[in-house]
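Q: I have just opened this one and have never looked at it before. Could you walk me through it?

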Amino acid sequence: MKGEWDLKAVPWQPGRDFVAPTCATCHVSLLVNGEGDVITARTHQMNDRLPWRIFGLIYSHPHSKTADTTGIKNKGGLPLPTELSGEPVTEHLIDQAERQRRTEELHKVCQACHSRDWVLGHWARFENTLRTTNQMTLTATQIMQKAWDANVADRTNPFDEAIEKEWVEQWLFFANSTRYASAMMGSDYGVFANGRWWMAKNIQQMLDRLKGLLSGKGASKR
C-alpha cells in the first residue's frame, strides 16, 4: 500500500496521494481537497496544529509560546511549565485563543477523511484523557509529597528513592502511554499497554510503600 502513495506530491490530496495519515500529514504538510482548495497550509513548526503538549513532562499542558523554554520557571523555582499541583505557568504558555486556532487547524486535517461528528467525539475523548491522566498524576504527586513532609523520603533529589521512581513511572511512562493511545488510536487501547490500569496500580503501590515507610519510622522511635 505504501508503495502506491505519492510521497513527493506537493500539495497532497487525501484519498489520492495517500490513504492513511503520516506524521507529516497531520502536523506540517500542505493539503488540498479534490477541487484544489487548501485544507491546511504547510508549516515548519511541528506543534502549529497542536494545542497540548502531552509527552515528557509531569502533566499535559498548553504548548509554550516559544521554542526556547530555558526561561520557564514555576512558583517553586523549578524549570517546569506547571506547578507540582498541575497548575500551568500561564505566562509562558499559549492562551485559549491560540489553542482554539491550533485545534481548528488540526480538525481540518481530520475532517479530510472523517465526519465532523467523529472528529469532535474523538477530540472530546482525547481531552478527557488529558484531564484524567493529570488527575491521576496529581494523586501520585500528593502521595510523594506526604513522604517528603513526613521525612521518610528526601526531596533533595526527587528521582533516586523507590517511591520517587514510582512517581516518575506514573507520568513518564504510564500517563504518556495513555495519552498517546488516546490521541492516535481513538479507542481504549490505553487501558492495558502501560495505560490506565498501570496508573491505578502504581497509585496503590505508592500508597502501600508510603504506609510501610511511615510504619518503619514509627517503629524506629520506640
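Predicted model: local features only at pLDDT ≥ 70, side-chain atom pairs only at ≥ 80, totals over all residues.

Q: What is the phi of Asn151 like?

A: Asn151 has a positive phi of about 60 degrees, although this residue is not a glycine.

Q: And is Asn151 buried or exposed?

A: Asn151 counts as exposed, with a relative accessibility of 62%.

Q: OK, stepping back, how many helices and strands are there?

A: The protein chain has 5 helices and 4 strands, and from the N terminus on their order is α-β-β-β-β-α-α-α-α.

Q: What does the chain span, and how much of it is buried?

A: Along its principal axes the C-alpha trace spans about 80 × 35 × 30 Å, and of the 222 residues in the protein chain 39% count as buried. Looking at contacts with a separation of 6 or more, 50% are made by residues 24 or more positions apart.

Q: What about the surface and the charges?

A: The accessible surface comes to about 12800 Å², and carbon and sulfur atoms account for 56% of that area. There are 27 positive and 25 negative side chains, with the centres of the two sets lying 5 Å apart.

Q: Let's go inside, then. Which residues have the most contacts in the largest nonpolar core?

A: Those are Ile58, Ile163, Trp167 and Met206, in a core that has 24 residues. H3, H4 and helix H5 (196–220) each supply at least two residues of this core, and H3 gives the most, with 7 residues.

Q: What does Ile58 touch?

A: Setting aside neighbours within four places in sequence, Ile58 is in contact with Leu80, Leu84, Thr137, Trp167, Trp171 and Arg179.

Q: Which residues belong to the second core?

A: The second core is separate and has 7 residues, including Trp5, Ala9, Phe18 and Ile39. As a general point, nonpolar side chains tend to be buried together in soluble globular proteins.

Q: Back to tryptophans: where is Trp52?

A: Trp52 is in strand E3 (residues 52–53), and this side chain's residue is partly exposed, with a relative accessible area of 23%. Not counting residues up to four places away in sequence, Trp52 touches His61, Pro62, His63, Arg99, Trp123, Phe126, Glu127 and Leu130.

Q: How far is Trp52 from Trp167?

A: Their C-alpha atoms are separated by 22 Å, while along the chain Trp52 and Trp167 are 115 residues apart.

Q: New topic: how many disulfides are there?

A: A search of the whole structure finds 0 disulfides.

Q: One last thing: which residues does the cis peptide bond join?

A: The cis peptide bond joins Val10 and Pro11, with an omega of about -5 degrees, and Pro11 is placed in the segment before helix H1 (23–27).

Notes:
Residues numbered from 1 in each chain as written. Heavy atoms only, no water. Buried < 20%, exposed > 50% of the residue type's maximum accessible area, 1.4 Å probe, protein only. Contact = heavy atoms within 4.5 Å. Areas by Shrake-Rupley, 256 points an atom, 1.4 Å probe, with all protein chains shown as cover. Lys, Arg positive; Asp, Glu negative; His and termini not counted. Charge placed at Lys NZ, Arg CZ, Asp CG, Glu CD. Core = buried A, V, L, I, M, F, W, Y, C linked by side-chain atoms within 4.5 Å. Disulfide = S-S within 2.5 Å.
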